[in-house]
Amino acid sequence: MVVTRFAPSPTGYLHIGGLRTALFSWLWARKNSGKFLLRIEDTDLSRNSDEALKAILEAFDWVGLDFDGDVIYQSKRFNIYKNYIDKLLKEGKAYKCYMTKEELDELRASQEAKGERPRYDGRYRDFQGTPPQGVEPVIRIKAPLEGFIEFEDGIKGKIKISADEVDDFIIARSDGTPTYNFVVAIDDYEMGLTDVIRGDDHLYNTPKQLVVYEALGFKPPKFYHVPMIHNEQGKKLSKRDGAADVMEYKKEGFLPEALLNFLVRLGWSHGDQEIFSIDEMIKLFNPKDINKSASRYNLDKLLWLNAHYIKNSSNERLASLLKDFDINLEDNDKLIKLIEITKGRVKTLKDLANEINTIINIPKEYEAKAVKKAFKGDAINIIEEFVSILEEKKPKSKEEIHKLMEEFIKAKEIGFGKLGQPLRVALFGAMRGPGLDEVIELIGIDEVKKRVNAIKEHIGE
């Protein structure tokens, strides 16, 4: 059985790079009818945040990434880690190191002065003497002194480094708390991980974790190190570029399926296909097909995908989502039709809310250029005359309204713009907007008259 995991630290919000890693891991587990586990790496008790943890779980819930079993918290597993540390000490595979911070700093300075790479020199590896007084030791694991540490990465291929690149690293601090690379190896083993998909910023943690696997006699999982997401200039993605809290994307009006579709294509592809349903992602995804090079964040691509998913969502679903943007149309079947005439014109739910607000509310302001262009000559008289015809004929559908508009401009011997432009500015405050016939049908003739009077007052006629 394929078992994958996502293991964030609750020291900050979940950003899209983390969500992409989680998505890749989730897809691979679901494709193989396996398990996807969620582990919270909260051993750094001083930096943990309940708010950040809540945000991680909230983001998972929003995008629909379910996980199997209960959330696993490293902070509740300290006794397990201590037992493994004691085991390694007893077997002579780890040892107590009494080197002080001052001694370590002095060693590092000496090595740098000689042009050497700073590393622990193993002075307590085989220590048999009397421990110095007043020094709480750290625990170091015995790393191999010769040969190579190697593994097959599912994306990058064979990784091979010299053993002298890895020193006897610390697996427990002087206060007894275990370190990252030690607990990750133990947890991945105990959770039955078969495949670890993570960012390639973890690539050089892997040799250290393999040292732990070897010392404890554990079989390591298959590793896939995913290249990072860069900005459009090819540099590290920053919050300004889009590496924001995942829930910020919800607040900005993105649909979860659009965000997941966007993220799956950052580093993975299936031919030239751009639109993927979740079922298609599960069917087609394989981590070995992830690109070896970094991907580039493209906001225009995300907006294009979001527009696609908004356009293809049901009006009822969008009406429900719009409540988060202070638009409540759910109890009004007539107004729900507003979604139908606007959703093909927008890229985000926030845009959709603005469009609908523009239609259902009298304009609070008017674009000066639009007013200047539309209201020339007898423009006010033309739209007032048309409103009078609407009041007289009382059309019941957009088709009847459209027919009246055609008859009106024909009788007046004017182009459509002579009616449409000033009427559009009167209704929306700008020259853009959906079809006039559709809007008039939905807001009603009385509202049209009110807005014509408002623009008349605005321009001082």
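S33 is exposed, at a relative accessible area of 63%, where exposed means over 50%, buried under 20% and partly exposed in between (1.4 Å probe, protein chains only). The model is predicted, so local features need pLDDT of at least 70 and side-chain atom pairs count only at pLDDT 80 or more, while totals for chains, interfaces and linings use all residues. Residues are numbered from 1 along each chain as its sequence is written, and side-chain values use heavy atoms, with hydrogens and water left out.

A friendly place to begin is the backbone. Most residues other than glycine have a negative phi. S33, although not a glycine, has a positive phi of about 55°. This residue sits in the loop between helix 1 (16-31) and strand 2 (35-40); helices (H or I, at least four residues) and strands (E, at least two) are DSSP runs, numbered from the N terminus. D326 is not a glycine either, and its phi is positive at about 60°. The loop between helix 11 (315-321) and helix 12 (333-342) holds D326, which counts as exposed at 72% relative accessibility.

An open sheet is formed by 3 strands in the order 4-5-8, with antiparallel pairing; two strands pair if DSSP finds at least two bridges between them. Strand 4 (94-97) and strand 8 (170-172) are at the edges and have a single partner strand each, so one side of each lacks a neighbour in the sheet. On average, neighbouring strands of this sheet are turned by 45° against each other, direction ignored, with axes being lines fitted to C-alpha atoms, for helices over the stretch in contact, and angles running from 0 to 180 degrees between N-to-C directions. Strand 4 is joined to the antiparallel strand 5 (residues 138-141) by 4 bridges, and K96 stands opposite I139 in strand 5.
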